[in-house]
Amino acid sequence: MILVVGSKGMLGQELMALYGDRARGVDIDEIDITDLTSVQRVLTTIKPSVVINAAAYTDVDGCQDNAELALQVNGEGVAHLAMISKEIGAKLVQVSTDYIFDGKKGTPYLEDDLASPLSVYGESKLAGEMNAWFNPNHLIVRTQWLYGHGGKNFVETMLRLAKDKKEISVVDDQIGSPTWTGDLALAIKALLDKGCEGVYHAANAGFVSWNGFAKEIFRLADLDVTVLAMTTEELGRPAPRPLYSTLDCGKLSRDTGFTPQPWQEALRRYLELREEK
Ligand SMILES: NC(=O)C1=CN([C@@H]2O[C@H](COP(=O)(O)OP(=O)(O)OC[C@H]3O[C@@H](n4cnc5c(N)ncnc54)[C@H](OP(=O)(O)O)[C@@H]3O)[C@@H](O)[C@H]2O)C=CC1
Ligand SMILES: Cc1cn([C@H]2C[C@H](O)[C@@H](COP(=O)(O)OP(=O)(O)O[C@H]3O[C@@H](C)C(=O)[C@@H](O)[C@H]3O)O2)c(=O)[nH]c1=O
């Protein structure tokens, strides 16, 4: 049995849909990962063979203002899951982020590149990666720029803003790979099916700026919106973001035979499925 922690989140919902009967999902109403007793109670009752942690505090600017909570959920919470999953002999899958990097490398990041987070969110997720090591049987999957059904994300924000705006300003100096949760869930399954351990990068292929991503969303959705360019500095959000955080996913392809599709194709598929719902 696979236990998906954070099953009501954006990735959690996708994992539940992919695994169906083979998974049991729990979220904040049944488990609080910041509370060791709660984690102990749920894991020792369900006794899964794999725990996938898709629970996190993902509001990047919110984390910047609430560092203690960010470290509790994204850092200590993972330590609790790692310690108890080890105790019951289960594998821990920890989902992590490109924001553990500072974005200064200039070429796609490899799994063993040095982490140097710029934001509290990035620091707390790096703490989570380190805490995953309390269970030697762990898999850390770093991904980025996620969108998918049932979650707050950039695609949904753009489509919402387009309802009453003809012009939207979007930063053009941050580069990364928009990634569909549908493809990330398949990558996680491929890694588990092959018994992979350690750190892996998993994102849709190719890269673009948020500005270019917004333009492609409106083009595919056939919406007449002008996307203006601005810099990250001009936008002035509370949390700093890496300017170049593309992840090299070669290790995933080599070890599993699974290569996520180009981001443009994933986006087209997501928008089609969204229309059908
Ligand atoms: N979104 C993105 O762009 C990216 C996400 N990631 C990582 O991927 C993973 C999944 O992200 P995503 O699907 O966007 O996350 P979401 O924010 O959509 O979902 C997270 C879920 O975890 C729940 N949760 C929060 N705190 C706790 C807690 N203390 N105990 C139990 N559950 C809790 C949330 O509940 P509630 O909503 O009620 O707070 C929510 O249901 C995370 O690890 C994230 O860091 C990595 C790269 C990019
Ligand atoms: C809504 C909006 C955003 N932006 C910018 C802000 C930001 O730099 C970028 C993306 O904004 P968002 O708030 O959607 O994204 P952000 O919270 O930075 O997304 C991150 O989330 C965490 C959880 C991760 O792990 C990362 O991989 C990444 O996906 O676009 C604009 O320039 N104009 C806009 O109208």
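Q: How far apart do the end C-alpha atoms of residues 2–272 lie?
A: This is a predicted model, where local features need pLDDT of at least 70, side-chain atom pairs count only at pLDDT 80 or more, and totals for chains, interfaces and linings use all residues. Residues are numbered from 1 along each chain as its sequence is written, while chains are lettered from A and ligands numbered from 1 in the order in which they are written. The span 2–272 is 42% helix and 17% strand (DSSP runs: helices, H or I, have at least four residues, strands, E, at least two, numbered from the N terminus). Its end C-alpha atoms lie apart by 29 Å.

Q: Which element gives the most residues to the shell around ligand 2?
A: A residue counts as near if its C-beta atom, placed from the backbone, lies within 6 Å of the ligand. The shell has 20 residues, and Val 60, Thr 97, Gln 144, Phe 154 and Val 171 come nearest. Helix H6 (154–161), strand E7 (167–171) and helix H9 (232–235) each give two or more. The most, 4 residues, come from E7.

Q: At what angle do the axes of helix H2 and helix H4 cross?
A: Axes are lines fitted to C-alpha atoms, for helices over the stretch in contact, and angles run from 0 to 180 degrees between N-to-C directions. H2 covers residues 36–46 and H4 covers residues 67–87. Their axes come within 9 Å. They cross at roughly 35 degrees.
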